[in-house]
Amino acid sequence: MATPEGLFQPGCPWWDLRATWGEPNIKWCEATLCSWVNEPANAWSNLAYLAVGLWCAWRWHVTCSRSMGRFAWTTSLVGLFSFAFHATNNFATQLLDFIGMYVLAFLLVALNLQRVGWLLREQVGRVHVGLTVGCTLAVPVMRHVRIPYQLVVLVAVLVIVGTEVYLSRRARQREVYRDFWWAVGFMALAAACSVADVSRVWCEPDNHWLQGHAAWHLLSALALLFAARHHAGLEAPSRVPGAPSARSP
């Protein structure tokens with residue numbers, strides 16, 4: 001049976017990048033192969049994000065929904081950067097992976113803060129960019145002092161869920177939050193799979209078809225699909241902060 005370190009060694013594709021930039025701060029269970037795609041299951045499962053991004057792009061074309069447009073490019077970015085990381089396994093592409101997650105997560109944070117009333121509409125873009133750039137620059141510092149920069153994504157997700165729960169209590173029709181709760185459910189399952197992987201509760205290093213972290217990609221992509229549906233359903237012109245609206249067709 002293979003070990004998580006696998007066959008990755010000097011002379012393998014991408015080894016020079018790791019030698020230059022260093023290792024990522026986490027090793028998922030899947031064995032790292034000496035190939036152009038180091039972790040097949042963890043890499044190719046990112047196609048789920050690209051599929052969701054394409055679906056959102058199609059809905060944006062059909063409905064002109066701004067939310068679908070936002071989710072189309074941000075979800076696709078997450079998939080591309082995460083694929084790059086799991087194909088190559090080094091700190092430089094791990095940083096790309098986090099940039100993708102920061103772009104998506106902090107966009108939702110900024111939009112939700114505006115919906116709550118803590119930001120003006122014209123401040124959303126500046127806050128989004130500021131949080132993304134600031135937290136990206138903080139990654140090398142957190143790496144140096146050995147603080148897991150995965151915590152930044154966790155905090156962002158908690159802010160997103162917390163503000164949505166707050167807004168749901170102000171909504172007159174709770175059913176408009178159905179897609180949001182589906183998103184939360186899928187994200188909780190995804191997180192459980194990822195934790196099972198990193199803790200080695202679910203660990204078959206030589207299984208290059210399905211891994212706990214690959215399941216995280218698949219399930220969190222579904223969560224983003226429902227999150228996109230939720231945001232698209234809040235776009236009617238008559239909507240006020242915290243109030244529900246009819247879904248886009």
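**View 1. Residues that join helix H5 to helix H6 in the predicted model**. From H5, the residues Phe91, Gln94, Leu95, Ile99, Tyr102, Val103, Phe106, Leu107, Val109, Ala110, Leu111 and Gln114 meet a set in H6 made up of Val124, Val127, His128, Leu131, Thr132, Cys135, Thr136, Val139 and Arg143. Sorted by class, this contact of H5 with H6 comprises 15 nonpolar, five polar and one charged residues.

**View 2. Geometry of the packing between H5 and H6**. Two packed helices are described by the angle between their axes and by the distance that separates those axes. For H5 and helix H6, which covers residues 124-144, the angle is about 145 degrees and the axes lie 8 Å apart. The crossing in which H5 passes H6 is right-handed.

**View 3. The largest pocket and the residues closest to its centre**. Rolling a probe the size of a water molecule over the atoms shows where empty space is left. The largest pocket has a volume of about 1100 Å³, and of the 43 residues that line this pocket, Val153, Leu154, Val157, Met187 and Trp216 are the closest to its centre.

**View 4. Helices that supply the lining of the largest pocket**. At least two lining residues come from each of helix H4 (66-88), helix H5 (91-116), helix H7 (150-170), helix H8 (178-198) and helix H9 (212-232). By class, the lining of the largest pocket holds 30 nonpolar residues, together with 11 polar and two charged ones.

View 5. Along the principal axes, the C-alpha trace spans about 60 × 35 × 35 Å.

Key. Residues numbered from 1 in each chain as written. Predicted model: local features only at pLDDT ≥ 70, side-chain atom pairs only at ≥ 80, totals over all residues. Heavy atoms only, no water. 1 Å grid on protein atoms, 1.4 Å probe; cavity = no way out; pocket = protein on both sides within 12 Å on 5 of 7 lines; lining within 4 Å. Points joined across faces, edges and corners; volume = space filled by probe spheres on them. Helix = DSSP H or I, 4+ residues; strand = E, 2+ residues; numbered from the N terminus. Nonpolar A, V, L, I, M, F, W, Y, C, P; charged D, E, K, R; others polar. Axes fitted to C-alpha atoms, helices over the stretch in contact; angles between N-to-C directions. Left-handed = near helix turned anticlockwise from the far one by under 90°. Contact = heavy atoms within 4.5 Å.
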